[in-house]
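Hi,

Here is the structure I promised to pass on. Have a look at it first, then read my notes below.

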Amino acid sequence: MFTKIYEKIKQFIKENYKELIVLLVVVLLFTIRLPYSIYTPGGAVNLNDRIAVEDGYEAEGSFNMAYVSMVRGSIPFLLISYVIPDWDIVPAEEITAEGENMDEMLEREKLYMQESMDAAIINAFKAAGRDIKITGTINEVSYIAKEADTDLKIGDIITEVNDEEISSLDDLKAIVSKLNGGEEVTLKVFREDKERECKAITYDTSDGVKIGVSLLTTYEYVTDPEVTITSKASEAGSSGGLMMSLTIYNQLVPEDITDGKKIVGTGTIDINGNVGEIGGVKYKLIGAVKNDADIFMCPEENYAEARKVAEEKDYDITIISVSTFEEAIKKLEELNLSN
């Protein structure tokens, strides 16, 4: 029986070997990853469909989160990028931190997205004068330097360092700064909901003693009313923070600052309401225009590039730059009054 099966397979390969070789080459071309990514024009996510404030006010217009589409660098896509306008090749080292691979970068970006959600809720509730109570902090490892000698992993939640509780990166720095290079540090962490003990060895740098890790702080809080934010597993990054803040704020206050317009934007936001620079503003603006946006909002640092792209492509769209959440609200209110 096995001999007959073997002979049939052997005969099939003999008769179809050319087609099989072509198929194998095609599969390899698409699966072999090169140290590049390709940025392409993205789109816009309607946050009115993603964010719900209990008993919140409705909007006539919409706030939309701009995004960049990114394709992993395989040979066929790299070749296509030379033909299609606005498909740009980006070396992996430009979007990853030193000593970090693409998978680690994506894991870190997911942490940044959670951080931006927390900051968005906190800023929106404070600006609207609504009740929010911060009850605790969560400090997760977001980056591990290649020089680090540790068994920590990205995503570990650090609760204690050398038996001292910590609530921020500053607490960790304060403890480590008192040590000498080459000393062992004991850290209590939660990994996959299980408590465990990790180690790290300190080392000397020009900026003092370090263990080579960065922390990202998210928050535990209680809000009244409740807020629900829905995201997809494929989404990551902090650049949606500003637009999430505006969406939540608009549902908390009676006046509708969208004024019936489709507002697409981008920008990070921290817990103090500062709006930060983002990457890929060119692709986000292109995506906003393709989605018929009335207004494109971006950080002040990205305004010049956005304005240049709009002029080169003769876009008819209002571009607003902001540096704080408060400024974003104010500029939208002023724009509405002028119309």
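The chain averages a pLDDT of 87, and 80% of the residues score at least 70. Which elements have the lowest and the highest mean pLDDT? Helix H1 (residues 2-31) has the lowest mean, 61, while H5 has the highest, 98. Where pLDDT is low, the predicted coordinates should not be read in detail.

Now the overall picture. The chain has 339 residues, and 42% of them count as buried. Its secondary structure comes to 8 helices and 19 strands. If you take the contacts with a separation of 6 or more, 71% of them are between residues 24 or more positions apart.

Let's start with helix H5, which covers residues 241-252. Met243 lies in this helix. Is Met243 buried or exposed? Its relative accessibility is 0%, so Met243 counts as buried; the cut-off for buried is under 20%. Leaving out residues up to four places away in sequence, Met243 touches Leu47, Phe63, Asn64, Met65, Ile263, Val264, Gly265 and Thr266.

Ser245 counts as buried because its relative accessibility is 0%. With residues up to four places away in sequence again not counted, Ser245 touches Ala119, Ala120, Asn123, Ala124, Ile269 and Phe325.

Next, a pair of helices. Helix H6 (residues 281-290) packs against helix H7 (residues 303-312) at an angle of about 50°, and their axes are 9 Å apart. That angle makes H6 oblique to H7. The crossing of H6 past H7 is right-handed. Which residues make the contact? From H6 they are Val281, Lys282 and Leu285, and from H7 they are Glu305, Ala306, Val309 and Ala310. These contact residues of H6 and H7 divide into 5 nonpolar and 2 charged, with no polar ones.

Finally, a few backbone details in the loops. Asp224 and Pro225 are joined by a cis peptide bond, with omega at about 10°. To find Pro225, look in the loop between strand E13 (213-224) and strand E14 (227-229).

Asp55 is not a glycine, yet it has a positive phi of about 55°. You'll find Asp55 in the loop between strand E2 (51-53) and strand E3 (62-72). With a relative accessible area of 77%, Asp55 is exposed, as the cut-off for exposed is over 50%.

Asn162 isn't a glycine either, and its phi is positive too, at about 50°. Asn162 sits in the loop between strand E7 (157-161) and strand E8 (164-165). Its relative accessible area is 26%, so Asn162 is partly exposed.

Cheers

Key. Residues numbered from 1 in each chain as written. Predicted model: local features only at pLDDT ≥ 70, side-chain atom pairs only at ≥ 80, totals over all residues. Heavy atoms only, no water. Axes fitted to C-alpha atoms, helices over the stretch in contact; angles between N-to-C directions. Helix = DSSP H or I, 4+ residues; strand = E, 2+ residues; numbered from the N terminus. Parallel < 35°, antiparallel > 145°, perpendicular 65-115°, else oblique. Left-handed = near helix turned anticlockwise from the far one by under 90°. Contact = heavy atoms within 4.5 Å. Nonpolar A, V, L, I, M, F, W, Y, C, P; charged D, E, K, R; others polar. Buried < 20%, exposed > 50% of the residue type's maximum accessible area, 1.4 Å probe, protein only. pLDDT = per-residue confidence, 0-100.
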